[in-house]
Amino acid sequence: MAGKSLERYAWLSVATGVVVLGLKTLAWYLTDSVGLLSDALESTVNIGAALVAVFALRAANRPADAEHHFGHGKAEYLSAMVEGFLLLAASAAIIATAVNRLLSPQPLEQVGIGLAISMLASALNGVVAWILIRVGREHRSVVLVADGKHLLTDVWTSAGVVVAVGAVALTGWERLDPIIALVVGANILWTGWGLLRDSVSGLLDERLSDDDIDEVVAVLAAHESPTVHFHALQSRAAGRQRFVSFHMLVPGSSSVRAAHDLAQEIEDEIDARLPETVVSIHIEPLEDPRAWGDIPRGAEHPMHSSRTRFDEGPVSG
Ligand SMILES: [Zn+2]
Ligand SMILES: [Zn+2]
């Protein structure tokens, strides 16, 4: 599925956010609970985040052009970063409101109907979260998975708020309401921090996942022989786009054609296992000491993910 269709799912998330915000605001208005207010405020973040996701998917989907030779995939990280900042802002508003209410507690009203509305909103969020995560995983969209996970955490916080507000109604302990709002605020702060951390790491060219690197290493290991050696494996991702590069050492007497045929074969095998991967192979003569001394920091021997190791072949320099 192209980014165009993925965009539809981001719009689904926007629409859900608007409906859920309406329902949760109504629940807060009826009950005057800051716990439910914190839940409603969180929904405004969802709408903003979903809108940013729409534009990020649109930008990331644009093909490479004369100005951006490697495509626009990193736009997805910018979206996740904006979402992180929005979450931090929402958590600040929630914590401030909760502290105020903690200092001057107030009774809650119409708790039954308020909670029923809130639960309806959460059910809606839960269904859409499930759809977004499923579609996002299938199409390797950082944006959709992040949005879905975000909605899923909302379902859990809403459940906590509903239980707490119900407990306030039963026990009459009014301070429990702002206390649960503080817990919600702290959880949102944590989620926002995580999104910021991940998006910054992506923008700084974090290597591919262990799963992806294991696939590449498996292909290389199958081609390793006394006359073919690999080193300097480097990788990075730009949203859905993957980039892999490494050196392939062959006898200096090999023809350009033979070396390129092998490189092409390896590129095809990697592409079959990891679609949308750009592979760059630097070919070097085994006998040349310069070929062995050019491994960049961070890509030293042996090539491996954090799980598997690709030990040096029978040839060493
Ligand atoms: Zn070529
Ligand atoms: Zn090299």
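Where does alanine 232 lie? Alanine 232 sits in strand β1, which covers residues 229-238. Keep in mind that this is a predicted model. The chain splits into domain 1 (3-203) and domain 2 (210-310), and a search of the whole structure turns up 10 salt bridges.

**How the two domains meet**

- The centres of domain 1 and domain 2, taken over C-alpha atoms, are 41 Å apart.
- Domain 1 brings 12 residues to the contact, and domain 2 brings 8 residues.
- About 820 Å² is buried between domain 1 and domain 2, with carbon and sulfur atoms giving 45% of that area.
- On the domain 1 side, Phe70, Tyr77 and Arg140 supply 58% of the area buried against domain 2, more than any other three residues.
- As for salt bridges across the interface of domain 1 and domain 2, the count is 0.

**Salt bridges**

- Side chains of opposite charge can pair when their charged atoms come close.
- Arginine 58 pairs with glutamate 7, and their closest N and O atoms are 2.7 Å apart.
- That pair ties together distant parts of the chain, with arginine 58 in helix α2 and glutamate 7 in helix α1, 51 residues apart.
- Glutamate 7 counts as buried because its relative accessibility is 6%, while arginine 58 is partly exposed at 39%.
- Aspartate 212 forms a salt bridge with arginine 242, the closest N and O atoms being 3.1 Å apart.
- Here too, distant parts of the chain are linked: aspartate 212 is in helix α7 (residues 210-223) and arginine 242 is in strand β2 (residues 241-250), 30 residues apart.
- Both aspartate 212 and arginine 242 are buried.
- Aspartate 198 bridges to arginine 197, with 4.0 Å between the closest N and O atoms.
- Aspartate 198 is partly exposed at 48% relative accessible area, and arginine 197 is partly exposed at 42%.
- Lys74, Asp205 and Arg236 are joined in a network of salt bridges.

- Most residues other than glycine have a negative phi.
- Alanine 232 has a positive phi, near 60°, and this residue is buried, with a relative accessible area of 1%.
- Aspartate 32 also has a positive phi near 60°.
- You'll find aspartate 32 in the loop between α1 and α2 (34-61), where it counts as partly exposed because its relative accessibility is 24%.

- Trp11, Leu51 and Phe55 make a nonpolar surface patch of about 290 Å².
- Tryptophan 11 belongs to helix α1 (residues 3-31) and is partly exposed, at 40% relative accessibility.

Terms used:
Residues are numbered from 1 along each chain as its sequence is written. Chains are lettered from A and ligands numbered from 1 in the order in which they are written. This is a predicted model: local features need pLDDT of at least 70, side-chain atom pairs count only at pLDDT 80 or more; totals for chains, interfaces and linings use all residues. Side-chain values use heavy atoms; hydrogens and water are left out. Patches are made of residues with over 30% relative accessible area and no salt bridge: like charges are joined within 9 Å, nonpolar side chains (Val, Leu, Ile, Met, Phe, Trp, Tyr) within 5 Å. Accessible areas come from the Shrake-Rupley method with a 1.4 Å probe; for residues, only the protein chains shown count as cover. A salt bridge is a side-chain nitrogen of Lys or Arg within 4 Å of a carboxyl oxygen of Asp or Glu. Helices (H or I, at least four residues) and strands (E, at least two) are DSSP runs, numbered from the N terminus. Buried means under 20% relative accessible area, exposed over 50%, partly exposed in between (1.4 Å probe, protein chains only). Domain bounds come from an automatic or database domain assignment. Contact means heavy atoms within 4.5 Å. Buried area is the accessible area (1.4 Å probe) that two parts lose on being put together, summed over both.
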